[in-house]
Amino acid sequence: MKEKSGKKSPAVKKKKKATPKASSKRAQKAAPASKAPASKPASQKEPKPAPDASAGPKKAEVPPPPRSLYQDFDALSEYLTEVSGRSQEVIREFAVRNQDLRRLTGEIPADPLNVGEAFQEMLKGLSIDPGTVMQRQFNLWGDYAKLMATMSRKMAGEEVTPAISPATGDKRFMHPAWNENPMLDFVKQSYLIFARWLETTIAQVEFEDEHEKKKAEFFTRQFIDAFAPSNFAMLNPEVIEATLESKGENLLKGLKNLLEDIDRGHGELAIRQADLEFFKLGENIATTPGKVVFQNEIFQLIQYTPSTESVAKTPMLIVPPWINKFYILDLQPQNSFIHWLVDQGRTVFVMSWVNPGPDLKNKTFEDYIKDGLFEALDAVKKATGEEKADTIGYCIGGTMLSTALALMAKKEDHRVNSATFFTAQADFKESGDLLLFVDDEQLDAIEKQMDAAGGVLEGRAMATTFNMLRSNDLIWSFVIDNYLKGKDPARFDLLFWNSDATRMPKNVHLFYLREFYQRNRLARGEMVMDGETLDLSKVDIPIFMQAGETDHIAPHNSVYRTAKLFASGDNDNVEYMLAGSGHIAGVVNHPDKHKYHHSTNEALPATLSDWKASATRHPGSWWPYWIEWLNKVSPGKTKARQPGDGGLSVIEDAPGSYVKVKA
């Protein structure tokens, strides 16, 4: 329903005079029948006059102009009044059902989206340099004066250029009413002006510490995103439309969704990004046929059933991140990397990490290498009889693989034939906004949080951090859809996986944050493991580094620095490839989808900008390009291997039991 103007048309005014207010409808229904005007029986109704043939063709009736979204205040008021009463019953039922929730006892502050922290960090940043803030106030007043002038001319019917417009692709203001309704247009532009002013002001403030400045800038963006007018029901035209169409049922359903999410999070808000009941592991997600052929206390090893008569001689071992679950690479057949790789004639193994509890709190990063990766390599050898394996490391799994390769180079361990990295970092100097969460103050807070949880980091904690990096897409859009529009969560495999968080042992996680993110010791050649000082330049196997153009977790410039580390010695077989999209979609991009693009350049010049200048851009998925590279560095064929045929027995069907443990 489009907004035509802020003024009511004569036709609408006339209709308003002749129609009783919506708020009195119930009184009309309850009035005695004698007071209602009597209607004539059908037999007594006056006949319609015959059409006049001389009058020419009858003109089509012009329908009255559509009512403005914000002119239905009477109906809206009635719906909100009724929903308000019913919502109180919902809240009372929830309180009785959840009397033990910590939030209800006051132990947890009622700020589930951490807006208060963002506000405090923003104010701290502004207070550092009050002189700059005072000077910038004049710019803000000038911008608002320009807005008032343009809005006055627009109200007078003049075509004007907005004082400010949303960024291209900003989904929050896509509804036509944000432009056509003068009130909403003013609210939108006021918000955008203030948001721009806050960001540019913080950027100009003089900080003594660069880390503190970046931290203030990050939390200022969080605050700005939180207070977008689209996040408020009475200002969001999509929510108003939903309220009018459903007679307020969307708000009641949204309240139920909110309380269910608080209940599911044991007092903390756990936003559902997908339908958590629809997807079943091994039934309609993670369905590539295979068997678990090995397990210990920290991982299960899955060997997948071949789909070709012959396979590559060298088996493939995939090392996924333990921050998330492995089936991001095996969502559904039409987008499964594992399924596709099996179809390319590879014997595929994947590590499925345990979802650790307090009993594993003392496990270390070195344990994850020795009891994890090294035992997996031994198991692959037993299953296939091959001395070497090709490997893939994804995200933190790639960070661990890099560390292990440096250790293996020192130990002259040659069990790895090649290594491919999906959006993985070993050099963390330019690792983006996640660096903001690794100062001593925050690491101490994380350690206390893990101690309180029995020595593990709860899965929701890390998921919330990642979601904050893209808060409009991964937080506020779901707040609007779930709680304001009352929508049911989508049946979207990727978002289901994103909601299936895992825990992490305290020592493993703190080592990762302190030694890699905070101190960057592996890149500096300072990391010591098993008595060896690690040096990535000593790794001399073929390396393929994949990065994503818009990756906000492992920025592509950071991945390029990692590629340069591997190539800093005598290794001349290091290739960097840049894919379209980000941390997930840049990796999981099946060729049949014909989406995105990728850029290739076999050279590794001094800078990323030089690499881009001489790179070749190709349409579609990078998977076919990579499999050609793999076939060159890993040739040879053999008869297809079935799980259980080698030196390992079948334990259970894929995807195994470890992946089904919920955090």
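**Chat about a predicted chain**

Q: How much of the chain is buried?
A: Of the 663 residues, 51% are buried.

Q: What share of the contacts join residues at least 24 apart?
A: It is 81%, counted among contacts between residues at least 6 apart in sequence.

Q: Let's go to α10. Is this helix mostly covered or mostly uncovered?
A: Mostly covered: α10 runs over residues 237–246, and seven of its 10 residues are buried.

Q: Which ones are buried?
A: P237 and V239 are, and so is the run I240, E241, A242, T243 and L244.

Q: What does the N236 side chain do at the start of α10?
A: One of its oxygens comes to within 2.9 Å of the backbone nitrogen of E238.

Q: And what happens at K247, just after the helix?
A: K247 has a positive phi of about 55°.

Q: How do α10 and α11 cross?
A: Their axes cross at roughly 110° and come within 7 Å; α11 covers residues 249–264. Angles of 65 to 115 degrees count as roughly perpendicular, so that is the label for α10 and α11.

Q: Which residues meet there?
A: From α10, V239, A242, T243 and S246; from α11, E249, N250 and L251. By class, the residues of this contact are three nonpolar, three polar and one charged.

Q: At what angle does α11 pack with α17?
A: At about 115°, with the axes 6 Å apart; α17 is residues 471–484.

Q: Which α17 residues take part?
A: N482, Y483 and L484, which meet N250, L251, G254, L255, N257, L258 and D261 of α11. This contact has five nonpolar, four polar and one charged residues.

Q: So where do N250 and L251 of α11 make contact?
A: Both meet residues of α10, and both also meet residues of α17.

Q: Change of topic. Where is F279?
A: F279 sits in the loop between α11 and β1, the strand at 290–295.

Q: Buried or exposed?
A: Buried: the relative accessibility of F279 is 4%, and the cut-off for buried is under 20%.

Q: What does F279 touch?
A: Leaving out residues up to four places away in sequence, F279 touches N284, I285, Q332, R491, F492, D493 and F496.

Q: How many residues along the chain separate F279 and D493?
A: They are 214 residues apart, and their C-alpha atoms are separated by 7.5 Å.

Q: One more loop residue: where does R346 lie?
A: R346 is in the loop between α12 (337–343) and β5 (348–353).

Q: Is R346 buried or exposed?
A: R346 is buried, at 2% relative accessible area.

Q: Which side chain does R346 pair with in a polar contact?
A: The side chain of N631, at 3.0 Å.

Q: And what else does R346 touch?
A: Not counting residues up to four places away in sequence, the list also includes A312, T314, L341, D390, L630 and S634.

Technical notes
Residues numbered from 1 in each chain as written. Predicted model: local features only at pLDDT ≥ 70, side-chain atom pairs only at ≥ 80, totals over all residues. Heavy atoms only, no water. Buried < 20%, exposed > 50% of the residue type's maximum accessible area, 1.4 Å probe, protein only. Helix = DSSP H or I, 4+ residues; strand = E, 2+ residues; numbered from the N terminus. Polar contact = N/O pair within 3.5 Å; in protein donor to acceptor, adjacent residues only side chain to side chain. Axes fitted to C-alpha atoms, helices over the stretch in contact; angles between N-to-C directions. Parallel < 35°, antiparallel > 145°, perpendicular 65-115°, else oblique. Contact = heavy atoms within 4.5 Å. Nonpolar A, V, L, I, M, F, W, Y, C, P; charged D, E, K, R; others polar.
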